[in-house]
Amino acid sequence: MPLSLIVGLGNPGAEYAQTRHNAGFWFVESLAEKYNIALNQDKKYNAYNGRGNIDGVDVRLLLPLTYMNRSGQSVVPFAKFYQIPTSQILIAHDELDMDAGVIRVKKGGGHGGHNGLRDIVPHIGADFLRLRIGIGHPGHKDKVSGHVLGKAPRAEQDVMDAAIAHAVNYTKWLVNGDLNYATQHINGYKG
């Protein structure tokens, strides 16, 4: 089934732009750049959004500006207004439980402790695709907040950027509904 909406999760503002928690934003911004999709501020949904063509499919892109913990306040009304079924949504987000440079597509599942997903799942269900972008774990739960809201060292950022670029190159297959092909190539990525 083709995708209709691709969401990137992150926090708005210059102070967060380069933090690991914004990996979902980086993916959608890269996708918008590759396919020349303008992202414009939309006060109604408190987001940046754009609409364009990815490999023949009409797709909307969304970057909530609600802060991570309130992502659902943007995603849920947007999806409902445009009548986009949960199964036609891809949400890109940072993933603590995977090393930087690892990237995975997954369908369904819980929120896994991710606050952005935690605010979305109760309202639209969990039957969406996820693009999980590894940011690594700092080793102790007390260090998680500083890690996700911190800026990665250059070498770590480079491997995350390369993984995101790889995923962007295979997104057209996700968009067209060829989940097996896209998953095989994205999940098989070895930086």
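A salt bridge here is a side-chain nitrogen of Lys or Arg within 4 Å of a carboxyl oxygen of Asp or Glu. With that in hand, welcome to the close-ups. This is a predicted model, in which local features need pLDDT of at least 70 and side-chain atom pairs count only at pLDDT 80 or more, while totals for chains, interfaces and linings use all residues. Residues are numbered from 1 along each chain as its sequence is written, and side-chain values use heavy atoms, with hydrogens and water left out.

**View 1. Asp-127 and Lys-107 meet in a salt bridge.** Their side chains come to 3.3 Å, N to O. Asp-127 sits in the loop between α4 (121-124) and β7, and Lys-107 belongs to strand β6, so the pair ties together parts that are 20 residues apart in sequence. Helices (H or I, at least four residues) and strands (E, at least two) are DSSP runs, numbered from the N terminus. Asp-127 is partly exposed at 40% relative accessibility, and Lys-107 is partly exposed at 41%; on this scale, buried means under 20% relative accessible area, exposed over 50%, and partly exposed in between (1.4 Å probe, protein chains only).

**View 2. Salt bridges elsewhere in the model: the structure holds six.** Glu-156 and Arg-20 join their side chains at 2.8 Å, N to O. Glu-156 is part of helix α6 (residues 154-175) and Arg-20 of the loop between β1 (5-8) and α1 (23-34), so this pair links parts that are 136 residues apart in sequence. Arg-20 is buried, with a relative accessible area of 8%. Another salt bridge pairs Arg-51 with Asp-58 (2.6 Å, N to O); Arg-51 is exposed at 51% relative accessible area, and Asp-58 is partly exposed at 43%.

**View 3. Seven strands make an open sheet with mixed pairing.** Their order is β2-β3-β4-β1-β5-β7-β6. Strands β2 (40-42) and β6 are the edges, each pairing on one side only. Two strands count as paired if DSSP finds at least two bridges between them. Neighbouring strands are turned by 25° against each other on average, direction ignored; axes are lines fitted to C-alpha atoms, for helices over the stretch in contact, and angles run from 0 to 180 degrees between N-to-C directions.

**View 4. Strand β7 (residues 129-134) is largely enclosed by the rest of the structure, because six of its six residues are buried.** Leu-129, Leu-131 and Ile-133 point one way from the strand, whereas Arg-130, Arg-132 and Gly-134 point the other way. Strand β5 (residues 89-95) runs parallel to β7 and is joined to it by six bridges, with Leu-131 as the bridge partner of Ala-92. Strand β6 (residues 103-107) pairs with β7 in the antiparallel sense over five bridges; there, Arg-104 has Arg-132 as its bridge partner.

**View 5. Two helices meet the strands: α2 packs on the sheet, and α7 (residues 179-187) lies across β6 and β7.** Helix α2 touches β1, β3, β4 and β5, and its direction makes about 155° with that of β4; contact means heavy atoms within 4.5 Å. The buried residues of α2 (residues 72-81) include Val-75, Val-76 and Phe-78, and their cover includes β1, β3 (47-54), β4 (57-64), β5 and α4. Helix α7 runs at about 150° to β6.
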